[in-house]
Amino acid sequence: MPPERAERVHAPMQQFAVRNGELHVGDIALTQLAARVGQTPFYAYDRALLHARVHELRRALPAAVKLHYAMKANPMPALVAVMADLVDGIDVASAGELKLALDAGANPAEVSFAGPGKRETELRQAVAAQVLINIESAREVDLLERIAAEQGLAARVAVRVNPDFALKGAGMKMGGGPQQFGVDAEQVPQLLTQIARAGLAFEGFHLFAGSQNLQAQSICAAQLQAYALALRLAQHAPSPVRSLNLGGGFGIPYFPGEQRLDLARIGENLAELSLRAQHDLPQAELVIELGRYLVGEAGIYVTRIVDRKQSRGQVFLVCDGGLHHHLAASGNFGQVIRKNYPVTIGNRIDSPLTEVASVVGPLCTPLDLLADQMTLPLAQAGDLVVVFQSGAYGPSASPQTFLGHPPCVEVLV
Ligand SMILES: *Cc1c(COP(=O)(O)O)cnc(C)c1O
């Protein structure tokens with residue numbers, strides 16, 4: 001394939017079986033699954049793919065590195081229950097997620113809670129649950145001192161550090177420079193003194209530099225920098241570091257030209273770091289926290305074509321779902337330039353790609369666009385449009401009530 005053409009194609013989406021021209025999820029043909037669900041639009045998540053992804057990571061990463069699921073990527077209760085069984089811990093970002101994680105059977109000892117602006121009630125719930133609280137400001141130290149005394153319980157804490165470096169190549173930077181997340185690295189020594197005075201149970205550090213990175217090299221560089229920074233800060237800690245969360249940021253390919261992450265390379269880097277940690281921080285457990293990398297490729301969004309229209313030479317496939325269920329695929333969830341997610345006609349997978357069409361939703365806004373002039377099999381009303389790479393940041397990250405259309409359903413198969 002000439003390079004200029006390779007630039008424009010999506011990474012192959014071969015995670016789901018295809019039989020008789022139909023995509024299969026959890027071994028069920030898409031049209032049958034749609035009938036079983038009883039409506040379109042819906043999201044379907046494939047349990048076997050969740051298992052496969054975790055096993056792939058376990059093979060690539062050193063055994064000593066703990067794998068956490070950042071549940072904001074997909075908080076569907078049944079899926080969180082599967083993940084709670086598969087991984088070593090769940091990372092939550094609100095009291096609402098904390099409840100979901102505990103309901104799903106997560107062990108509180110392995111739940112950690114991060115996020116700016118934690119409300120006092122949330123901190124109370126977190127102390128009572130005995131989860132690890134990632135402190136993001138001096139205010140949280142003062143509150144936790146009082147809450148721990150009132151409840152007669154230890155407040156388990158780690159410091160979320162806003163590092164003095166950024167994650168190169170990240171789709172979304174969440175560390176480095178001025179940030180609402182964490183405590184600036186240069187202020188951490190003073191915060192550690194405050195934590196010691198307040199008598200909180202210090203356990204370690206949390207460094208999260210950014211999200212959706214497809215360059216193994218820059219993820220490795222960030223992990224090395226995070227490790228070095230944690231070592232420096234550990235000198236000011238009131239007790240040995242027991243937990244060192246090096247972040248995550250592992251991306252998945254969404255757009256034409258993007259390729260899957262080189263996991264082997266990250267595995268080698270972490271093996272090296274975990275060897276060094278045995279010497280430098282002998283009591284510390286290294287943690288990686290992943291959201292979309294664990295669940296994103298295991299899910300699809302399915303919407304039915306309601307109408308097929310031609311307007312001045314362009315074909316529009318108008319569907320019963322769109323932006324209100326899948327904001328990210330419409331290009332309105334943090335994208336600077338809109339690009340197409342991988343989209344196909346799920347019941348005509350083997351048909352030749354003969355038509356350029358735009359897939360749109362039913363909302364009265366031009367933003368409701370799931371595919372912009374994509375080459376697709378010839379499709380008719382009644383056919384099922386599939387948006388791949390939809391297992392993360394789907395319904396919970398979309399404005400479902402916008403324009404008053406029915407909500408979508410989620411199934412785990
Ligand atoms: C959002 C978030 C994650 C998950 O990000 P992904 O890109 O889905 O892997 C992990 N950790 C923290 C602190 C986050 O805010």
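Start your tour by selecting strand E13 (210-213) and strand E15 (285-290): each supplies at least two residues of the shell around the ligand. Helices (H or I, at least four residues) and strands (E, at least two) are DSSP runs, numbered from the N terminus.

Before going on, a word on the model. This is a predicted model, in which local features need pLDDT of at least 70 and side-chain atom pairs count only at pLDDT 80 or more, while totals for chains, interfaces and linings use all residues. Residues are numbered from 1 along each chain as its sequence is written, and side-chain values use heavy atoms, with hydrogens and water left out.

**Stop 1: the ligand**

Show the shell of 13 residues that surround the ligand, the closest being Lys-72, Ser-211, Glu-289, Arg-292 and Tyr-393. Colour the shell by class and you will find 5 nonpolar, 4 polar and 4 charged residues. Here Ala, Val, Leu, Ile, Met, Phe, Trp, Tyr, Cys and Pro count as nonpolar, Asp, Glu, Lys and Arg as charged, and the others, Gly among them, as polar.

Now display the side chains with polar contacts (pairs of N or O atoms within 3.5 Å). Ser-211 places a polar side-chain atom 2.4 Å from an oxygen atom of the ligand, and Lys-72 has one 2.8 Å from a ligand oxygen atom. The protein covers 92% of the 390 Å² of accessible area that the ligand has on its own; accessible areas come from the Shrake-Rupley method with a 1.4 Å probe.

**Stop 2: helix H9**

Next, pick Gln-223 in helix H9 (residues 216-234). Is Gln-223 buried or exposed? Gln-223 is buried, at 3% relative accessibility; buried means under 20% relative accessible area, exposed over 50%, and partly exposed in between (1.4 Å probe, protein chains only). Leaving aside residues up to four places away in sequence, Gln-223 touches Leu-246, Phe-250, Ile-266, Asn-269, Leu-270, Leu-273 and Ile-288, where contact means heavy atoms within 4.5 Å.

**Stop 3**

Two strands pair if DSSP finds at least two bridges between them. E4 is joined by 4 bridges to strand E16 (residues 299-311), running antiparallel, and by 4 bridges to strand E22 (residues 409-412), running parallel.

Step back to Pro-41, in the loop between helix H2 (30-37) and E4. The peptide bond from Thr-40 to Pro-41 is cis, with omega near -5 degrees.

**Stop 4: a three-stranded sheet**

Select E1, E2 and E3, which form an open antiparallel sheet in that order. Strand E1 (18-19) and E3 stand at the edges with a single partner strand each, so one side of each has no neighbour in the sheet. E2 and E3 pair over 2 bridges, with Val-25 opposite Ile-28 in E3.

**Stop 5: two positive phi values**

Most residues other than glycine have a negative phi. Asp-27, in the loop between strand E2 (22-25) and strand E3 (28-29), has phi near 70 degrees. Asp-27 is exposed, with a relative accessible area of 58%. Finish at Gln-389, whose phi is near 60 degrees, in the loop between strand E21 (384-387) and E22. Gln-389 is buried, at 0% relative accessibility.

Methods
A residue is near a molecule or strand if one of its heavy atoms lies within 4 Å of it. A polar contact is a pair of N or O atoms within 3.5 Å; within protein, one must be able to donate a hydrogen and the other to accept it, and residues adjacent in sequence count only if both atoms are side-chain atoms.
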